[in-house]
Structure formats: structure tokens, C-alpha cells
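Here is a short report on one protein model. Keep the structure open while you read.

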Amino acid sequence: MAMIEVREISFSYGGDNLLDRITFQIEPGERIGLMGRNGAGKSTLLKLLQGDLQPDAGEIYIASGVKLARLAQEVPRGDQQTVFDEVAGGLGIAGEKIARMHALTISPETAQRPELATELARLQATIGGAEGWKLQEQVDQILSRMDLDPTLLFDALSSGMKRRVLLARALVARPDVLLLDEPTNHLDLDAIRWLEEFLLREGLTLVFVTHDRAFLQRLANRIVEVERARLFDWTCDYKTFLQRKEQALENEARQQELFDKKLAQEEVWVRTGVKARRTRNEGRVRALERLRNERAQRREQTGNVRLQLQDAQRSGSLVAAIEEVSHQFGDRPVLSRVTTAIYRGDKIGIIGPNGAGKTTLVRVFLGELTPDEGTVRLGSNLQVAYFDQLRAQLDEEKSAADNVADGNDTVLVNGKSRHIVGYMGDFLFSKERARTLVRFLSGGERNRLLLARMFTKPANVLVLDEPTNDLDAETLELLEELLVDYQGTLITVSHDRAFLNNVVTSTLVFEGDGKVKEFAGGYDDWVRQCSAQSAAVAAEKSKGIVAAAAATAAAAASTTSSPAARPKRLSFKEQKELEALPGLIERLETEQAQLHEQMAAPTFYQKSGSEIAAASGRLATIDAELATAYTRWEDLEGT
């Protein structure tokens, strides 16, 4: 039975329908990836499902007892609330009472002020009567499961931790359907991987919007696309969707070509005059009118962004070189004896946890920050264009066009003057949106605006700080193509695994305590190299254990002692068991390493639930068998 049914709903914000008579349903266990261009109506659809918006026509049926929760794209301010308060707020009015009771319980002032003690007693009585203790246990459990400190102030957290708290708030009421709007925004790679594992482990029914194609590929088992006010349903993963979508677009183009050809023929016929107006041909005239109406109602596909970098003089061969660079803020080291160099044409990806020092490293490369220790050499003739993830370069109180052209009517692109409205059209801004104040633009529009602003300036070095946030898949692919063909130098900070794989030639990875290590290739190449290194270390460790055990056994066999000191001799069966243990341990460790490698692959969690459970169960069994084997080995050697 469907948990949610959407029947013939339409919705608009006053103009053309953003959603037009759409119908679909959500079944238990589905993880639906909601696709579509920026502004197509994805977030609007989530708000309609949640009940924050009401459709202009049609109905949404939610099965009895089904609870929904939504993780919004925006991160609100906490107004000095603690993490406990923020999470408990997901329980509504009862949650607010629980949060107040919790605050009074842990406050030392409660024991000193009678009015607070009275308030606490009253809350305890009220909440207890409404099964409040059970609700408080739900809050405590979700905080524990998501490894959150309930005493921290929400506003003091990083963007990634705030997203985790908001997810806990959405989950505390134990919803049956979870709606997620760009859940990976501002998360670092570790946090994204944690979120993937958490959502897969919880087994929730999901409807989510994301720009992260690797996240989409791993989680979605159904794709629903919002395009031209309609829904297109694809029951498949993301890679299969891309293949089917391409074929569908080709078929649609052929059908429209045939339709337009037939319409053109009928238009020629009707212009022949009298013959077309004869009674026996009235049916053909009416059919032509229907063709005209159908053509007029056709919604064309949204055009693609037209990206073009300005030509700039080549930089010198060396762009930047740093040697033994260290830097710290207060007592915290962010860079520790980092040595690396960037040459013309390099495409460098920088990854690491939030707050690790990625932006600091970029500033050192650009000569904007003098490190505490080490040397920095900058190349010659550097023309830098910078993309800021915080969009601080945009003036909220100016229009989009004024932000790009600094109040002028034209911009100079590759030596040619272009009207600002025409140039903005290359980035999918209509004349009206180009004149809109920045504070009224969506996240995707702001990112396209930053690209438009950046590309008005010649550059031979591009610095992109989280450029993929909020961009739709089509714009992302065009940006990737542009950067791959770019002849200059690229430095990008990104947590988008697909973007890193497709664009960068080497990766600088923060490994903790300010240490930075360079790896060839993109994200997947880094993971493979790390896995190979881990496997090599494990193999060496295994060899060392086996060698040590053999040496111990040989020493024990050659040692003679008095009858009183001689240990108990092994039985024939025990001796055989001891001889077999090194081989058993080696086989188990080999299988363990193979399972780890399989489970690290991006495609692993696309398998059926039974296969995933079997692999996880086998890994747990191997861990237990290894522990038993090592313990038995020690026991037998000591006999």
C-alpha cells in the first residue's frame, strides 16, 4: 500500500504552473532521488508533500499513521539554543517542554531559586502524564546515535555539525518518510560518508534533492524528474537514469521533428485558399487548428548555461611553490611543514574536514597569507579569478546585473562589448531575473551569478571554493567540460566526489594535525591508493605476527628444562591445531581485506538488502573468528 499518493496536483507562484497535474505515489522502502533543473520545482514539491504549501488543484493523500519530517536546505540560526533544545524541538510543543525541563534539571540555579524548582516539578508532572519520559528518551537516543553533545550551543557549531543536528531534529519524532533538501551542502567528505551509511542503515523511506551525484548514485533506487511542470518517473539508479534519459530525449526530438514537419505541410495546404475551405475539408481544417494549439502549448526544454572563459596571457611555468610551510591559529596547527608545488596547467583538488585549513592553504598559494614558517614562491604574470563558496563577493542589495557589470549596461567579453541582459541570458537569467535583487535569488541562481561575474575577468588561474553547491546536474557537467578543456591552472576546494574524479589531476589531502599529502588523480584514485597502502601495512603486520609465532614455537621446541619446570606437552590433536592456525589466520585476513575493498566500492550499496546484510554479517563473523584464532594460538603456545 502506498504511503503517499499525489493525484493531479498543480501549483504556481502566480505565473505559469510550476507543477501541472502531476501524479505519483511513494511506496515503503523507496529512496527517491528528485531531479530537475534549478527552479524546476523540486523544493516546492517537498514543501507540498510536507504540507507547508497547498496545491492550487488536485490532492495529496497520506496514509493513516504515516509521519513525515523534512530537512530544509537552509540552516537557521539557533538563537542561543543548545543542541538538546534544537533536537527536542522536532517533537513540537511537547519537545519545547522537554527542552525546558532538561535545562532546569542541569542548571545549578534550580536548587537555589524556589520558583525554578516549582516550574521543574510542574513540568515533570505534566510531561510524565503525557508519556513525556518516553519522548525524552527518544531525544537522548537520537543524540547518542548521532554522536551529538547536547550541551553545545547550536550557533557555535560548524555548518556540517549544524546539518547533523537538524537531521537529528527531523528524525527524533521517528518519521516514516524523510524529505531531504540538499542534505550534503556544507558537509565534508567524512560527514557525507557518515550520512550515507546512516541513511542506508536506518532503512527509511526517503525523498531527497541533491546536487551530489555520488550521493545520488549510492542512495537512490528510484529517480523522479521534475521537468517542464511535469514528472517523469524512472525506477532505476542514477547511472541507468542518465542512459535512459539520453535515449528519451533523442526519441522526443524525433517525434517533435515529425510533428513540426506535418504542421508545416498542413500550413502550406491551408494557404492554397478555396480548396481548403470546402465543406468536405472542414475536418482537416479543424485538425490543423488542434495541431496549432498543441504546438503552442508545448514547453521547450530549458536551455543550457553557455560558459566561456576569457582569454588571458599565459602565466609562468611555476604558479606557486611552498616549502616546509607551517601555520597555526592560536594553539591549533592548520599547516605543518607542508611542501608542494603547482605548475601551469595543473588541476589541483583540495579535500579535508571542515575547519582543517583548506582555505588557509589556498591563501598561502595565492600569497594572501604569510605563513608562520617556511617559504613561498609565486610565479610570474598570475591573473587570478576567485569563486567564493560563501558568496561574500555578492551585494545582497544590488540586482544580479549590477553585481556582474558594476552598474554598467555592458560587459567586455574577449574584447567584445555585450549588453548585460544578453550576457546574463547565457547563464539562464531572464530579463526580469537579471534585474532582481540578489537577496531574492535561489542558491542555484546565486552560484550561476558568481560564475557569470567570475567569467567577465581574464584569468590564467581559477580558484573555486565549493563551486558545485546548488548547481543542477546539467550545469555541473558543462562546468566540468569547461574546466577539463581549460588551458590555465585550477585550484579547487570541493567535497563533490564526482566533480573531483572528472576534473582534477592531483589531490591534496589533509590528514590531521596540519599534515597534507599529495595523491595523483581524483577522489576515487585517492581512495584506491589509501586502500592499497592499508592492505600493504596489514600484510606486513600479518607476516610479522606469523614470523614471530614461528620463532616462538621454534624457541619453545629447542628449550629444555627440568621436569618440574617443563610445561605440559601438547596432545597430537593440539599440535595439529597449532600448526594449522597460521594458515587459517592468513586466509581469514585475506578474506577480510577483500570484503573491506568490496564494501568501500561506490556500487556496493546498490545491491539488494540481502546481499548487503550477508556481506556485513560475514565481516562480523570473520572478526570474531580472528579474535578466537589469535586467543587459541596464544593458549596453545603457552602450554
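How many bridges join strand β1 to strand β4, and in which sense do the two run? Five bridges join them, and the strands run antiparallel. Strand β1 covers residues 4-11, and strand β4 covers residues 57-62. Look for glutamate 5: its bridge partner in β4 is tyrosine 61.

Strand β1 has another partner to look for. It pairs with β2 over five bridges, in the antiparallel sense. There, isoleucine 9 stands opposite isoleucine 22 in β2.

**The model as a whole**

This is a predicted model. Its mean pLDDT is 78, and 79% of the residues reach 70 or more. One stretch calls for care. Over residues 556-567 the pLDDT stays under 50. For that stretch the model has two contacts beyond four places in sequence. Where pLDDT is low, predicted coordinates should not be read in detail.

The protein has 639 residues, and 44% of them count as buried. Its secondary structure comes to 21 helices and 20 strands. Residues 24 or more positions apart account for 68% of them. The accessible surface comes to about 32,800 Å². Carbon and sulfur atoms hold 50% of that surface.

The largest nonpolar core has 46 residues. Within this core, Val87, Leu167, Leu178 and Leu199 touch the most other members. Follow one of these four, leucine 199. Leaving aside residues up to four places away in sequence, leucine 199 touches Leu178, Leu180, Leu204, Leu206, Phe215 and Leu219. Another core lies apart from the largest one and has 43 residues. Its members include Leu189, Val411, Val438 and Leu482.

**A hairpin**

Move on to strands β10 and β11. Strand β10 spans residues 318-329, and strand β11 spans residues 332-343. They run antiparallel, with eight bridges between them. Together they form a hairpin, with two residues between the strands. In the turn, glycine 330 has a positive phi of about 65°.

Most residues other than glycine have a negative phi. Two exceptions follow. Glutamate 324 is not a glycine, yet its phi is positive, at about 50°. This residue sits in strand β10. Arginine 21 also has a positive phi, near 50°. Its place is in strand β2, residues 19-26.

How much of a residue can be reached from outside?

| Residue | Relative accessibility | Class |
|---|---|---|
| Arginine 21 | 57% | exposed |
| Glutamate 324 | 33% | partly exposed |
| Lysine 97 | 34% | partly exposed |
| Asparagine 354 | 31% | partly exposed |

Lysine 97 belongs to helix α3, residues 93-106. Lysine 97 and aspartate 85 are twelve residues apart in sequence. In space, their C-alpha atoms are 9.6 Å apart.

Asparagine 354 lies in the loop between β12 (347-351) and α12 (358-365). Which residues does asparagine 354 touch, not counting those up to four places away in sequence? They are Gly160, His186, Leu187, Asp188 and His495. Serine 158 is 196 residues from asparagine 354 along the chain. Even so, the C-alpha atoms of asparagine 354 and serine 158 are separated by 7.6 Å.

**Aromatic rings**

The model has six aromatic pairs. Why does the pair of tyrosine 523 and tryptophan 526 count as edge-to-face? The ring centres are 5.7 Å apart and the planes meet at 65°, so the pair is edge-to-face. The cut-off for this class is a plane angle over 60 degrees.

Both residues sit in helix α19, residues 523-558. Tyrosine 523 and tryptophan 526 are three residues apart there, so about one helical turn separates them. Tyrosine 523 is buried, and tryptophan 526 is buried too.

One aromatic cluster also deserves a look. It is formed by Trp234, Tyr238 and Phe241.

Terms used:
Residues are numbered from 1 along each chain as its sequence is written. This is a predicted model: local features need pLDDT of at least 70, side-chain atom pairs count only at pLDDT 80 or more; totals for chains, interfaces and linings use all residues. Side-chain values use heavy atoms; hydrogens and water are left out. A nonpolar core is a set of buried Ala, Val, Leu, Ile, Met, Phe, Trp, Tyr and Cys residues joined through side-chain atoms within 4.5 Å. Buried means under 20% relative accessible area, exposed over 50%, partly exposed in between (1.4 Å probe, protein chains only). Contact means heavy atoms within 4.5 Å. Helices (H or I, at least four residues) and strands (E, at least two) are DSSP runs, numbered from the N terminus. Accessible areas come from the Shrake-Rupley method with a 1.4 Å probe; for residues, only the protein chains shown count as cover. pLDDT is the predictor's confidence in each residue, from 0 to 100. Two strands pair if DSSP finds at least two bridges between them. Rings of Phe, Tyr and Trp (its six-membered ring) pair if their centres lie within 6.5 Å; planes under 30 degrees apart count as stacked, over 60 as edge-to-face and the rest as tilted.
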